[in-house]
Amino acid sequence: MAVPERDASDDGPDTSVGPALRIASPAGKWVLLTTVLGSGMALLDSTVVNVALPAIGRDLDASLAALQWTVNGYMLSLAGLILLGGSLGDRFGRRKVFVVGVVWFAAASLLCGLAPNVDVLIAARVLQGVGGALLTPGSLAIIQASFHPADRARAVGLWSGFGGVGAAVGPFLGGWLVDGPGWRWVFLLNIPVALVCVPVALRHVPESSGTFDVGKADGTGGADSGGAAPHRRFDVLGAVLGAAALALVTYALIEARSGSVLVPVTAVAGVAAGVAFVQVERRRSDPMMPPDIFSSRQFTAVNLVTLCVYAAFGGFFFLTALQLQVVAGYSALQAGTALLPITVLTLLFSARSGELAQRIGPRIPLTVGPLLCATAMLLMLRVGEDASYPTDVLPALLVMGVGLVALVAPLTATVLASVDTGRAGLASGINNAAARAAGLVAVAALPVLTGMGEDAYRSADAFDAAFRRAMPLCAGVLVVGAVIAFTTVRRPAPGCRRPECRTHGSILAPPLEPRRTRHGSLGPAGPDTSAERPTP
């Protein structure tokens, strides 16, 4: 559904100023550089840390549970707060919140790099996730608010593509740092990036706030040209309850091996917090996650698929980085390089996969993709002691890459097409948060489900035995996702919104999409003609 074109004379004098930066201009290039650097830090960190886990464990004498928290501490705060982070930018200014996020992320990275023990490292990782929740949606919103509508899709594509390059380079770079100057530089590397990003943002990125209007095709004023949008209240209680539910359930799963009386208590408390979250969202007039968005059966179905596939991916990448080093005897650099084909394939072919899904519909890609990934996980059972990369490791990773190519772009497109155009950005944020939550739950649960002991990563035999139990479990979850997709997903109606992030390399969460409209009004389904008033 599109908003009918309105005569500008109906509104009186148009005093609004739309975003006017062009990619070819120096100002546009500075904005693009800033957003790529900022979001690249968070994306790089999400892919690089897994490779460093064995070295972290040895240096800090950490248990397997501590390594799980090292990964999940970051994912927990990021998944729990990413929706709130976007709202903060709308209220206080996107550049301001983005810069705060970059500084916060860099400070937490410094704390990670200087951590004297694993407890400090875990706390710093949680703080890193908070910074990531501020800068990740902020970087995309800055592009949406700054560029002329004619250049906006290309700017988003460049932002996403360069982010994909960062994701591809991450494991390789992490492995090189771990084997060279040490694992602490995996985190300290963020400091010089932030030192470049912040001054450039303050000098070259225009400030903007409020939410998007539906504008005219020339990028000038929208339906409301008189003043700033009224601010809605923050759903702080919803964010706290959602994060608490994830934290408590994660704690119960990770600590289940200890037999502590706190395990069932925290498990029950986590479920109670989840129920309370749902009730709060139902009763609020402006919830962070409006329950009525799930009235779309297609949206609900595709999020169930998301939970299945990204739970499997989260467990796979966590365990595979350890398997290659602990069991196969790879160095950190070799293990990081080994994973490179997956991100390279998604980076090169994700756009073509999205185009194919537009022609044939999403059901086949969303069914075939998870099945290919499940096959890849079963092929990983060939990876044992002294595994050969060309014959044992590479075939599985190539199949995994092809599965991701088939899956991710159609998944994002189906999420956007399953809701009204004005809620597409919200739907994308919910789907992204769901993927991250599924991954952190999988990292918490798989060691318990496979009988992995606290020191399993120190023993090749013990870890290999657990890995061989984990891969079929992950494959089974992917098959469930494929069945859900085949039985519930249907071709979207014509004229639905299409993703702007068509090239990407993220492997741990689907790409975010920007919001376009204000007050829930529906924007155009074709090229983006939204506009926004910059803040002086």
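**Group meeting: rings, a cavity and a kinked helix**

Hi everyone. Let's start with two residues: Trp 183 is buried, and Phe 187 is buried as well. They also form an aromatic pair, with 6.2 Å from centre to centre and 85° between the planes, which makes the arrangement edge-to-face. Before I go on, please keep in mind that this is a predicted model.

How many aromatic pairs does the structure hold? The count is 5. Let me show you another one, Tyr 74 with Phe 105. Their ring centres are 6.3 Å apart and the planes meet at 80°; planes over 60 degrees apart count as edge-to-face, so this pair is edge-to-face. Where do the two partners sit? Tyr 74 belongs to helix α2, residues 64-92, while Phe 105 belongs to helix α3, residues 94-114. The pair therefore ties together parts that are 31 residues apart in sequence. And are these two buried or exposed? Both Tyr 74 and Phe 105 are buried.

One more ring before we leave this topic. Arg 363 lies over the face of Phe 486, and its distance from the ring centre is 4.8 Å.

Now for the empty space inside. Rolling a probe the size of a water molecule over the atoms shows where such space is left. In this model, there are 6 cavities of 30 Å³ or more. I'd like to take you to the second largest cavity, whose volume is about 150 Å³. It is lined by 16 residues, and the closest to its centre are Asn 50, Val 71, Met 75, Val 443 and Leu 508.

Which helices supply at least two residues each to this lining? They are α1 (26-60), α2, α10 (297-327) and α15 (424-449). Among them, α10 gives the most, with 5 residues.

What happens at Ala 52? There is a kink of about 50° in α1 at this residue, shortly before the proline Pro 54. The helix α1 is mostly covered, with 27 of its 35 residues buried. After α1 comes Asp 61, which has a positive phi, near 50°.

Definitions and conventions: Residues numbered from 1 in each chain as written. Predicted model: local features only at pLDDT ≥ 70, side-chain atom pairs only at ≥ 80, totals over all residues. Heavy atoms only, no water. Phe/Tyr/Trp six-rings, centres within 6.5 Å; stacked < 30°, edge-to-face > 60°. Helix = DSSP H or I, 4+ residues; strand = E, 2+ residues; numbered from the N terminus. Buried < 20%, exposed > 50% of the residue type's maximum accessible area, 1.4 Å probe, protein only. Lys NZ or Arg CZ within 6 Å of the ring centre and 35° of its normal. 1 Å grid on protein atoms, 1.4 Å probe; cavity = no way out; pocket = protein on both sides within 12 Å on 5 of 7 lines; lining within 4 Å. Points joined across faces, edges and corners; volume = space filled by probe spheres on them. Bend = angle between axes of the 7 residues up to and from the residue.
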